[in-house]
Amino acid sequence: PEGSYDKWREAANMLNTPSLEHSAFGLLLGFGAPLMRMTSTPGAAVCFTGGTGSGKTGTLYAALSIYGQPHDLSVLDGGATANGFIGRYLNLKNIPLGLDEVSNARPEHLSHLIHQISQGKTKIRMQSSVNAERELEQSASTILIMTSNTDITDMLQNLKSNPDGEMARYIQFMLDRPHFLETNPEYGKRIYDTFNYHYGHAGPIFIKKFYEVGEDYVLALIEKWDKKFEWLFGTDIGYRFHRNTLSVTFAAGELAIEANIVVLDLERIFKKVVHDMIDMRTKVKLNNTDFSGVLSEFVNAHHSGFLTVNDNRVVVEPRAPLIGRNEIHTQTRYVSKTTLRKYLSELSISTQQFESTLKNEGVITYSGKKRLGTSWASGADIGPVAVYGFHYTIPEEYLDQSAT
């Protein structure tokens with residue numbers, strides 16, 4: 001601990017000002033992190049995204065200042081490898097992990113960390129001298145708090161066409177400059193700078209309160225806020241990480257208030273946070289991959305490998321290795337399963353989900369073997385291969401060519 005606990009409390013309680021709900025929530029995440037081990041999800045991630053002056057770094061520092069010097073506890077500018085991120089996470093154990101400006105981090109490292117946080121474990125390590133695992137492996141359970149200038153959903157979608165796994169495990173809030181700070185700019189420095197010089201007092205007091213009341217009492221608080229979340233947000237199991245994160249965060253907030261650490265309007269903050277989560281859910285939905293769009297992108301990328309025929313006449317010959325066949329007369333497009341599955345794998349899309357969805361939508365009309373080179377002299381000796389057959393809408397230019 002450094003500085004004055006009273007000055008820290010004064011700054012923390014100023015986050016109760018209307019329009020600072022996101023910063024107040026960030027502070028509460030710091031108290032909620034040690035309680036994540038009491039849920040079915042060992043960890044989760046929260047990202048505050050916004051431009052300069054939105055208070056996102058100050059929000060991160062508010063949470064970390066509960067336990068120590070926030071600047072030193074945070075990782076800046078993507079300044080770590082994938083193993084470095086995991087090492088810091090395991091060392092902190094139940095203290096929140098803070099990453100400032102993850103827009104500079106490599107997307108694959110960020111994706112890996114989000115998954116690792118949600119699992120609470122590190123990778124298996126072997127002993128150097130014998131063929132055996134190391135005897136002691138660390139585990140952790142906490143909340144990852146991030147800030148970013150850019151939408152990290154875009155970062156993950158550039159890495160994967162279907163980042164549902166990551167999106168289910170993190171919550172993103174888009175921050176504008178708070179109205180209170182717009183009209184009272186001097187308070188930004190007064191509130192957020194305080195956390196850099198007065199810190200480390202609240203954490204031990206909070207943990208002591210936890211042990212005074214006992215786990216059963218805390219579990220009852222978590223259940224109380226879980227029901228509140230369910231009533232406002234719904235029960236979709238895909239959002240279980242969101243649900244558990246908010247349940248422990250506001251249960252911890254109630255405990256912190258009982259310990260006289262902070263004075264915050266939890267109901268107002270809770271409603272604001274859940275409202276923003278509902279708004280985000282309408283914009284970015286889980287399990288919402290456009291598989292028909294993925295198929296169109298595949299065809300656009302590989303169109304030169306298709307043979308197009310009408311009855312027994314070749315309309316367009318392939319100009320690349322043959323991977324598909326367009327039949328105008330049957331209105332069917334056949335695609336090599338091997339080539340398409342490789343494409344889906346590169347986009348981290350489940351082949352089984354792709355196939356099941358498009359079959360249910362009536363897009364996939366055939367699954368079996370087909371001679372892709374039939375009616376084409378250069379492909380007469382090409383044997384049958386496993387293909388998908390898709391309903392094929394005939395372009396007008398093909399109809400014009402087939403009639404001549």
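**Helix packing and cores**

Reply: The axes of helix H17 (residues 337–346) and helix H18 (residues 351–360) come within 10 Å and cross at roughly 115°. Axes here are lines fitted to C-alpha atoms, for helices over the stretch in contact, with angles from 0 to 180 degrees between N-to-C directions. Helices (H or I, at least four residues) and strands (E, at least two) are DSSP runs, numbered from the N terminus.

Me: How are H17 and H18 oriented to each other, then?

Reply: H17 and H18 are roughly perpendicular, a label used for angles of 65 to 115 degrees.

Me: Which residues make the contact?

Reply: Leu340, Arg341 and Leu344 come from H17, and Thr351, Phe354 and Glu355 from H18; contact means heavy atoms within 4.5 Å. They split into 3 nonpolar, 1 polar and 2 charged.

Me: Before I go on, what kind of model is this, and how are residues numbered?

Reply: It's a predicted model: local features need pLDDT of at least 70, side-chain atom pairs count only at pLDDT 80 or more, and totals for chains, interfaces and linings use all residues. Residues are numbered from 1 along each chain as its sequence is written, and side-chain values use heavy atoms, with hydrogens and water left out.

Me: OK, cores. How many residues are in the largest nonpolar one?

Reply: It has 87 residues, and those with the most contacts inside it are Trp8, Phe25, Leu27, Phe31 and Leu246. Helix H14 (residues 240–258) gives the most to this core, with 8 residues. A core here is a set of buried Ala, Val, Leu, Ile, Met, Phe, Trp, Tyr and Cys residues joined through side-chain atoms within 4.5 Å.

Me: What does Leu27 touch?

Reply: Leaving out residues up to four places away in sequence, Leu27 touches Trp8, Ala12, Leu15, Ala62, Ala63, Ile66, Val262 and Leu264. There's also a second, separate core of 18 residues, including Phe298 and Phe354.

Definitions and conventions
Parallel < 35°, antiparallel > 145°, perpendicular 65-115°, else oblique. Nonpolar A, V, L, I, M, F, W, Y, C, P; charged D, E, K, R; others polar. Buried < 20%, exposed > 50% of the residue type's maximum accessible area, 1.4 Å probe, protein only.
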